[in-house]
Amino acid sequence: MSDVLLPPMASESVDAGSQHEPQPLLELRGVSKFFDGLPAVKQLDFAVRHGEIVGIIGPNGAGKTTMIGLVSGSLPLSSGQIRYRGLDISRLPPHRRAHLGIARTFQVTQPFKGLSVRENVMIGALFGRRGLKQTAAREAADAVLERVGLAAKAHFRADQLTVADRKRLELARALALEPELLLLDEVMAGLTPTEVEQAIALIRAIHASGVTVLVIEHVMQAIMGLSQRIMVLHQGSKIAEGPPEQVLADQRVIEAYLGERYAREQQSRLGAARSVPQKDGKEEQG
Amino acid sequence: MFGSWHKPSTSSTAATTEPGAEQQTAQPKPGTRWPWSLLTGLIILALAALIPLSGDAATLHTWTLILMFAVLAQSWNFLGGFTGYASFGNVFFFGVGAYSTGLLILSGRPFWLGVLAGAVVAGLLAFLLGLPVLRLRGHYFAIATLGIAEATRELVAIRNLGGSGGEVELPLPALSDTTFYFLFWLLALACFLLTAYLARSKPGYALIAIRESEETAEAMGIPTYWYKIGAFVLSAVPTALAGGLYAYWSTGFDPPTVFDVGISVEMVLLTVLGGAGTLLGPLISAILFELLSFQFQISGSAFHNSLLGLTIAMVTIFIPQGLVGLVQEFLRPLAPGMSRRQLLVEGVRRVRRVIAANGV
């Protein structure tokens, strides 16, 4: 696996190939997605560079999971373009994108229930980028299971796993594809604080091994510590992008993500005597 | 019923009772079950090869039909069982095989050419029909396949294919009944070996992954659409071969016989009763169910269909995993060091638990 990998980002200039032409690994250009005419993602422009670890946050219904669906190909685009390594992948079926190195996890875990944990992961190695033979795929699966801490449960049937282990399995299956770009859709939701810490450590390790990671998370603290850069989605549009501290301080982000009420409270706590937004009717919904 | 036939056979039980003790030992050990299933199936087929020795024409006739249904059910299993796409129109391919054979024999060609032509035509049709139809999921796919078979039956009758109303009269076959029996036997064996291959191979994993979660399968790099079409073709070819053999063997048929929706339903039932997606399920249930069916027919024809229906209802309610699922539950490896008696008691207990869990 390691031969494919690039050095951990940090210094972008290390990436020799892209020196004069900093081509992003993933690029969304004016991407929109409508469900029955209702916009889920609106005119989104967004790019991820090689070796980055980027967080995507936003309140429920902001379009985060839709965006993952668009990038992985499980949802067709309404308009716009998605480029991967400079290649237009907008119309490629999901399996072709997987072969190009894009792997995803599912927010609602979807294990192949009747199969063992090892078989679940093995399928990723069988049909992934390298398309291994069965023996090699089994070995690759075992290595991945070791890595995510599921080795002891390799013989378990997938539907016998706990929530935390199912999340691990989602991750393991994605890793078995040997991705270049990993899309993580709320892999930490529903985990205990200890398990969240383990998950963060694991994602860090995966990133350090050279995989570009896109993390969607609802849990703020988790994503703040993990991401080098954060993009905030609100009602399908990008409302902020930048380093975590900067994004967290953004007034629009605070309003959108934490609600107007929180923003107001924070303002009054800051002792701002200036006019506080007056929208009493909407207060409960904030 | 159709939603639940892939219900994991142990999910309700292993998760709830004594998780510690049982989970350590109850995991299916890949690689231990398959060779036994394969061996059992081969022994069953080897025993079936002895039937002609009985010299009884009626027994031979019954068993010829049993083997034919074993072929049909096993073929249906490729798509319906492994891939999870329940076709209710697979009889279409049976009819295509029968008519190809019948028409070619009538035009003076040898029967084997007709049978092979039927298989090729059925394979091509499965491919072409699969292109649009396999974009549908669940019930829509089932209804579409049903529609194709029904429409074809009407069309064949209206166009007077082979004769007035689509009736085909063939000359008496040059082959003996025993030869027919062994042709069906070979076909059943081939289907069984193909199933055994699928249960263990890369394409087989692709089909199972599609059944378990098509979206995930696609995300994991599986070209699901083409695998589904492949499974449809795989399901069509042996069905058409059986149809061709049946046509020559029966010396005459009409559209209502070889495009009978009842045959489609029987393919579904046999597979589900035996255990969809399993190696032994369709084979075993074809034998048990058809024997039972003939028994009912002999003992009291008035109640034949009611009794069959009742049996089907009972089985689908209480053991939707199929007979094989129940046996596997019984034989599931347990903690080492248990005596035979303890194993038996424990096995019976677990089987009862499965039945209760499904029925209540």
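# A walk through the predicted model

Start by selecting D159 and R157 of chain A and showing their side chains: D159(A) and R157(A) meet in a salt bridge, with 3.2 Å from N to O. Both partners are out of the solvent, for D159(A) is buried and R157(A) is buried too. Keep in mind as you go that this is a predicted model.

**More charged pairs**

Side chains of opposite charge can pair when their charged atoms come close. How many salt bridges does the structure hold over all chains? There are 18 of them.

For another one, select K153(A) and D165(A), whose side chains form a salt bridge at 2.5 Å, N to O. K153(A) sits in the loop between α4 (134–148) and α5 of chain A, while D165(A) belongs to helix α5 of chain A, so this pair ties together parts twelve residues apart in sequence.

Now move to R229(A) and E52(A). Their closest N and O atoms are 2.7 Å apart, and the two residues form a salt bridge. R229(A) lies in strand β9 (residues 229–234) of chain A and E52(A) in the loop between β2 and β3 (53–57) of chain A, so the pair links parts that are 177 residues apart in sequence. Both R229(A) and E52(A) are buried.

Switch to a cartoon view. Strands of a sheet pair through backbone hydrogen bonds, either parallel or antiparallel. In chain A, look for four strands in the order β2-β1-β4-β5, which form an open sheet with antiparallel pairing. Which strands stand at the edges? They are β2 (38–48) and β5 (87–88) of chain A; each has a single partner strand, so one side of each is left without a neighbour in the sheet.

Zoom in on the β5(A) end. Strand β4 (residues 79–84) of chain A pairs with β5(A) over two bridges, in the antiparallel sense. Pick R83(A) here, and you will find D88(A) as its bridge partner in β5(A). Next, color helix α1 (residues 64–72) of chain A, which packs on this sheet and touches β1 (26–35), β2 and β4 of chain A. The direction of α1(A) makes about 115° with that of β1(A).

**The six-stranded sheet**

Chain A has another open sheet to visit, with six strands in the order β6-β7-β8-β3-β9-β10 and mixed pairing. At its edges are β6 (102–104) and β10 (237–242) of chain A, each pairing on one side only. Direction ignored, neighbouring strands here are turned by 20° against each other on average.

Select β6(A) and strand β7 (residues 181–185) of chain A: the two run parallel and are joined by three bridges. Within this pair, I102(A) stands opposite L181(A) in β7(A). Then show helix α5 (residues 163–176) of chain A, which packs on the sheet by touching β6 and β7 of chain A. Its direction makes about 165° with that of β7(A).

**A residue inside α5**

Stay with helix α5 of chain A and pick L169(A), which is placed there. L169(A) counts as buried, at 2% relative accessibility. Which residues does L169(A) touch, not counting residues up to four places away in sequence? Show P111(A), V117(A), N120(A), V121(A), L150(A), A158(A) and L161(A) to see them. Of L169(A) and N120(A), the C-alpha atoms are separated by 8.0 Å, and the residues are 49 apart along the chain.

**Where chain A meets chain B**

For the last stop, bring chain B into view. The contact takes 31 residues from chain A and 28 residues from chain B. About 2,700 Å² is buried between the two chains, and carbon and sulfur atoms give 62% of that area. Highlight F112(A), F127(A) and Q160(A): in chain A these lose the most area to chain B, together 24% of what that side buries.

What joins the chains in charged or polar terms? Across the interface of chain A and chain B there are zero salt bridges, but ten residue pairs are in polar contact. Finish on α2 (94–100) and α3 (117–127) of chain A, the elements that give two or more residues to the side touching chain B. The largest share of that side, seven residues, comes from α3(A).

How values were computed. Residues numbered from 1 in each chain as written. Chains lettered and ligands numbered in written order. Predicted model: local features only at pLDDT ≥ 70, side-chain atom pairs only at ≥ 80, totals over all residues. Heavy atoms only, no water. Pairing = 2+ DSSP bridges. Contact = heavy atoms within 4.5 Å. Axes fitted to C-alpha atoms, helices over the stretch in contact; angles between N-to-C directions. Salt bridge = Lys/Arg side-chain N within 4 Å of Asp/Glu carboxyl O. Buried < 20%, exposed > 50% of the residue type's maximum accessible area, 1.4 Å probe, protein only. Buried area = accessible area lost by both parts, 1.4 Å probe. Polar contact = N/O pair within 3.5 Å; in protein donor to acceptor, adjacent residues only side chain to side chain.
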